[in-house]
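Subject: Structure handover

Hi,

Here is the structure for you to look over. Please open it alongside this message.

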Amino acid sequence: MSKNFWKKGGKVNLFTRPRRFGKSLNLSMLRYFFENAGTEEKNADRRRLFCGLQIMKAGDAFLSQMNRYPVIQLSLKSAKQPDWELAYGALKAALEEEYQRHMEILPEIPIEADRLRFQRLAERRGTDQDYYTALFFLSRMLHRHYGQPAVILIDEYDVPLENAYFAGFYPEMTAFIRSLFESALKSNPSLHFAVITGCLRITKESIGLINLKVNSILSENYGEYFGFTPAEVERMAADYERSAALPVIRDWYDGYLFGNKEVYNPWSVLNHMDALAANPQALPAPYRSNTSSNQIVRELIEQADLNVREKIELLITGSTIEKPVHEEITYEDIHESQDNLWNFLLFTGYLKQVSRRLDWDTQYCSLAIPNKEVLAYGICFYKKDCEVKQLF
């Protein structure tokens with residue numbers, strides 16, 4: 001992914017994929033490839049992580065980027081809290097941790113006011129203004145110290161927004177995220193590039209960014225870099241001497257289409273391969289059922305009318321349905337149309353695209369349930385009265 005991203009990526013890039021498809025791992029990989037760890041010894045340790053991999057054959061023009069830039073890496077998943085104060089505190093703690101990771105530059109900051117501000121943020125004593133522009137300030141300090149602009153990696157950007165919507169403090173969270181992102185990712189001379197990941201594509205305006213290069217599950221680029229390709233699963237099964245299990249693995253964990261690339265759910269494949277390594281007769285299981293589910297999907301299904309429930313039953317029987325797909329959403333608009341349910345089911349990995357067509361300016365997707373894993377824990381109905389029995 002690093003090479004293709006370096007060649008094709010934009011200044012600020014958003015990747016949306018369902019949960020458990022390797023978003024955090026890809027961000028970690030980008031960090032260890034691009035980050036200047038501060039000493040040659042540390043950089044050599046990081047280069048060893050890539051030894052023997054295809055990336056090391058990419059040529060000098062690309063490898064010259066390795067361990068060259070300061071990197072800021074921030075996960076927002078800890079902000080899933082019941083009220084604004086706790087969520088804000090969790091975000092401040094995440095920023096504090098990243099400042100602590102870069103404490104080696106503190107003595108070298110030439111301006112006292114900047115040193116004091118850096119120290120406040122590293123000790124969670126900052127003002128609101130400090131935190132609302134914390135990423136911008138850290139990128140500026142790192143740029144000055146290393147002589148190279150910073151790479152900014154932000155994971156789970158939509159978790160605090162979704163949580164705040166349901167917990168009742170969405171305006172406060174939106175204001176904070178917009179300021180944090182705008183200051184760091186819009187017209188920032190200390191930014192080399194940024195990568196943001198999440199499950200859903202929130203409108204650019206609601207997070208203060210209109211210059212995003214968006215790569216969703218419908219995009220043609222990078223489809224094979226989130227999840228396992230069929231060839232990778234076949235090689236893994238052969239390495240574990242479990243090729244006989246491939247038909248079951250395919251039925252249970254394959255079926256996703258990102259862009260035009262067929263992919264397996266990597267989390268589930270790894271869990272099942274681990275079970276097979278211990279017991280060649282291990283039965284498949286719905287490993288995704290133990291991961292976080294999407295509260296929006298639950299709410300939309302609970303409020304669905306009979307027509308929607310009939311379509312869900314069609315999907316359970318193996319049929320496909322066609323629905324308009326709108327990639328950009330705002331949480332305030334989710335109840336405006338029941339068509340939003342199908343968008344959420346698609347982008348959270350409970351449905352897959354089978355085909356697409358364009359009707360004037362509207363995209364339509366033919367949708368289906370991707371595999372037996374989703375069926376095993378997905379949508380079930382009481383047949384006599386169509387009340388929801390179990391949700392995702």
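Predicted model: local features only at pLDDT ≥ 70, side-chain atom pairs only at ≥ 80, totals over all residues.

**Helix α16**

Start with α16, residues 339–347. Eight of its nine residues are buried, so the rest of the structure largely encloses this helix. The buried ones are Asn 340, Leu 341, Trp 342, Asn 343, Phe 344, Leu 345, Leu 346 and Phe 347. Just after α16 comes Gly 349, with a positive phi of about 90°.

**Helix α15**

Next is α15, residues 306–316. Which of its residues are buried? They are Val 308, Arg 309, Ile 312 and Leu 315. These residues cover an arc of only 110° around the axis, so they sit on the same side of α15.

Asp 305 caps the N-terminal end, with a side-chain oxygen 3.2 Å from the backbone nitrogen of Asn 307. Just after the helix, Gly 318 has a positive phi of about 100°.

**Second largest pocket**

The lining has 17 residues. Nearest the pocket centre are Asp 251, Gly 255, Ile 369, Pro 370 and Asn 371. By class, the lining has eight nonpolar, four polar and five charged residues.

**Thr 174 in helix α10**

Thr 174 belongs to α10, residues 170–185. Is Thr 174 buried or exposed? Its relative accessibility is 7%, and the cut-off for buried is under 20%. Thr 174 therefore counts as buried. A polar atom of its side chain lies 2.8 Å from the backbone oxygen of Tyr 170.

**Two arginines with positive phi**

Arg 20 has a phi near 70°, a positive value in a residue other than glycine. Arg 20 is in the loop between β1 (12–16) and α2 (23–34). At 39% relative accessibility, Arg 20 counts as partly exposed.

Arg 124 is not a glycine either, yet has a positive phi of about 55°. Arg 124 lies in the loop between α6 (112–122) and α7 (128–132). With a relative accessible area of 44%, Arg 124 is partly exposed.

Best wishes

Note on methods: Residues numbered from 1 in each chain as written. Heavy atoms only, no water. Buried < 20%, exposed > 50% of the residue type's maximum accessible area, 1.4 Å probe, protein only. Helix = DSSP H or I, 4+ residues; strand = E, 2+ residues; numbered from the N terminus. Polar contact = N/O pair within 3.5 Å; in protein donor to acceptor, adjacent residues only side chain to side chain. Arc of directions from axis to C-beta. 1 Å grid on protein atoms, 1.4 Å probe; cavity = no way out; pocket = protein on both sides within 12 Å on 5 of 7 lines; lining within 4 Å. Nonpolar A, V, L, I, M, F, W, Y, C, P; charged D, E, K, R; others polar.
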